[in-house]
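Here's a quick look at a protein model and the molecules that sit with it. Have the sequence and coordinates open as you read.

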Amino acid sequence: MISYTQLFASVCALASTAAALNPLEVSGKDFVDSKTQDRFQIIGVDYQPGGAAGFTKKLDPLSDADVCMRDAALMQRLGINTIRVYNLEPSLNHDECASIFNAAGIYMILDVSNPLAGGYLDRSAPWTTYSAIYYKQVFGVIEGFKNYDNVLGFFAGNEVINEDAHYLVPKYVRAIVRDMKDYIAKNSKRAIPVGYSAADIREILMDTAHYFECDLKNSTSSRSDFFGLNSYSWCGESSFKKSGFDVLTEDFTNATIPVFFSEYGCNEVQPRVFTEVQALYGEEMTQAFSGGLVYEWTQEDNDYGLVKVNDSNTVTTLVDYDNFEKQVNKLDMERITSSNVTQTSVKPEACSASLIKDKSFYNAWDLPEVPSKVADYIKNGLPDAPSGKFVSVSSTTIPQKVFDHTGKEITDVKFEVKSGVNTPSSSSGSGSSGTSDSSSSESSTNAGSPNGAPSLALGGAGGLFMLLASLL
Ligand SMILES: *[C@@H]1O[C@H](CO)[C@@H](O)[C@H](O)[C@H]1NC(C)=O
Ligand SMILES: *[C@@H]1O[C@H](CO)[C@@H](O)[C@H](O)[C@H]1NC(C)=O
Ligand SMILES: *[C@@H]1O[C@H](CO)[C@@H](O)[C@H](O)[C@H]1NC(C)=O
Ligand SMILES: *[C@@H]1O[C@H](CO)[C@@H](O)[C@H](O)[C@H]1NC(C)=O
């Protein structure tokens with residue numbers, strides 16, 4: 001029979017892990033949980049309520065706790081384990097939202113740039129913006145978020161390399177990765193991964209990946225830790241071959257860092273049925289990819305939303321929300337989270353011009369020198385930059401009214417403090433691979449990204465004390 005002391009000890013252990021996700025780390029080509037070493041695959045959604053235009057210096061997607069609580073609760077029902085946030089303002093307080101997503105079992109991947117003046121690298125003349133002004137934004141975001149355990153990583157850039165980019169842009173972006181990693185090594189307790197998010201321009205896609213993932217002897221910190229791809233090539237009831245996912249899988253099978261879709265979910269056929277989910281998390285594709293993030297959470301003018309925010313007190317889950325939920329509920333989470341030494345033991349290739357195939361793609365690694373003021377920030381930390389910390393949050397029913405796409409009210413939407421990562425609610429053991437398809441039409445690619453740029457409901461500490469009280 002189990003003693004009170006044992007029970008007490010196990011309840012306390014539960015209390016200390018509740019509301020704390022284990023940080024993730026990169027191991028070969030996989031993300032793994034730093035404590036359990038389980039593999040982590042992203043079941044994510046891109047998060048920018050209000051769209052890119054909704055961002056201001058006074059309001060970013062992680063600065064309004066009521067909105068974060070509402071959205072975290074609705075994401076928990078869906079099985080989401082990661083959000084990506086594009087535009088952040090370092091001077092705002094993000095403690096409540098970061099704590100809410102952490103307690104919900106949801107990691108965050110954060111872009112360090114924003115579209116305001118001084119907030120981004122100018123792709124037409126990168127040397128003009130590779131400066132201390134830009135680094136106040138970049139290092140400001142790192143300072144603001146470095147203490148949150150649920151930060152999966154930072155994006156050093158989103159689709160900076162495209163048809164309009166100056167040919168020297170790759171080396172500037174690689175220099176930004178270097179500077180961010182040097183800053184993190186010097187000023188953060190944890191080695192938070194840094195990567196790049198690429199447009200799906202197939203002619204230069206592999207060149208871009210090789211350019212960032214190769215090992216540079218004289219600048220090891222400039223190597224990316226992961227690679228994101230914004231891909232919209234699977235539309236409607238497509239297939240592994242027709243969508244070109246087969247080519248992507250083959251291309252990235254030899255990757256030496258984690259690769260994932262930083263945006264996916266073509267909306268040319270509506271409503272979206274998300275049949276690509278079975279391919280993306282199927283046996284074949286998971287040898288190359290670590291999941292992906294659906295574009296995007298809220299319905300905006302470009303028509304990619306999973307939910308519609310009617311007003312600050314009312315939200316509607318759209319038919320795409322239900323369709324996505326059906327797909328993720330079929331996933332075999334045991335297989336998806338099982339570790340595999342073949343995957344984690346891969347070694348990087350050395351940087352060499354022979355890796356770059358397209359004539360127009362820059363093929364040298366003579367990275368720009370770090371500006372002296374930026375070197376000073378790296379050495380001593382960015383002055384006067386606020387750093388966040390977790391605050392306590394408890395399980396609660398959300399105050400907003402939620403309707404489904406038929407207009408019926410959903411009354412039981414609850415934000416739950418979890419003891420670990422959020423998972424789809426009814427994942428079955430029937431793993432299906434999305435590769436059994438014999439059609440052979442040509443792949444369609446779509447480089448244009450619409451962005452351009454088991455629950456533990458203890459009821460928070462109160463519930464825990466009541467539980468303890470009842471045991472004693
Ligand atoms: C991956 O590596 C294997 C073994 O080195 C090689 O045979 C294969 O051609 C590579 N695939 C690609 C797409 O580069
Ligand atoms: C482990 O990974 C390798 C390479 O990605 C793959 O070929 C193999 O099937 C995987 N093993 C298991 C048990 O999934
Ligand atoms: C909310 O917006 C959706 C989508 O536009 C619409 O179908 C629904 O009727 C709206 N609900 C309310 C309560 O306004
Ligand atoms: C580092 O190595 C690359 C590739 O060999 C070279 O182009 C670059 O000039 C070197 N940088 C320095 C500072 O030596």
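Which residues are around ligand 2? They are Gln287, Asn340, Thr342 and Gln343, where being near a molecule takes a C-beta atom, placed from the backbone, within 6 Å of it.

Before going on, this is a predicted model: local features need pLDDT of at least 70, side-chain atom pairs count only at pLDDT 80 or more, and totals for chains, interfaces and linings use all residues. Residues are numbered from 1 along each chain as its sequence is written, while chains are lettered from A and ligands numbered from 1 in the order in which they are written.

Ligand 3 has Lys308, Asn310, Thr314, Thr316 and Phe403 around it. Strands E12 (307-311) and E13 (314-317) each give at least two residues to that shell; strands are DSSP runs of at least two residues, numbered from the N terminus.

| Shell | Nonpolar | Polar | Charged |
|---|---|---|---|
| Ligand 3 | one residue | three residues | one residue |

Here Ala, Val, Leu, Ile, Met, Phe, Trp, Tyr, Cys and Pro count as nonpolar, Asp, Glu, Lys and Arg as charged, and the others, Gly among them, as polar.

Now the barrel: eight strands, E4-E5-E6-E7-E8-E9-E10-E11, close up with parallel pairing (two strands pair if DSSP finds at least two bridges between them). E4 (residues 42-46) and E11 (residues 291-294) pair in the parallel sense over four bridges, with Ile42 bridged to Gly291 of E11.

As for confidence, mean pLDDT (the predictor's per-residue confidence, from 0 to 100) is 89 for the protein chain, and 86% of its residues reach 70 or more.
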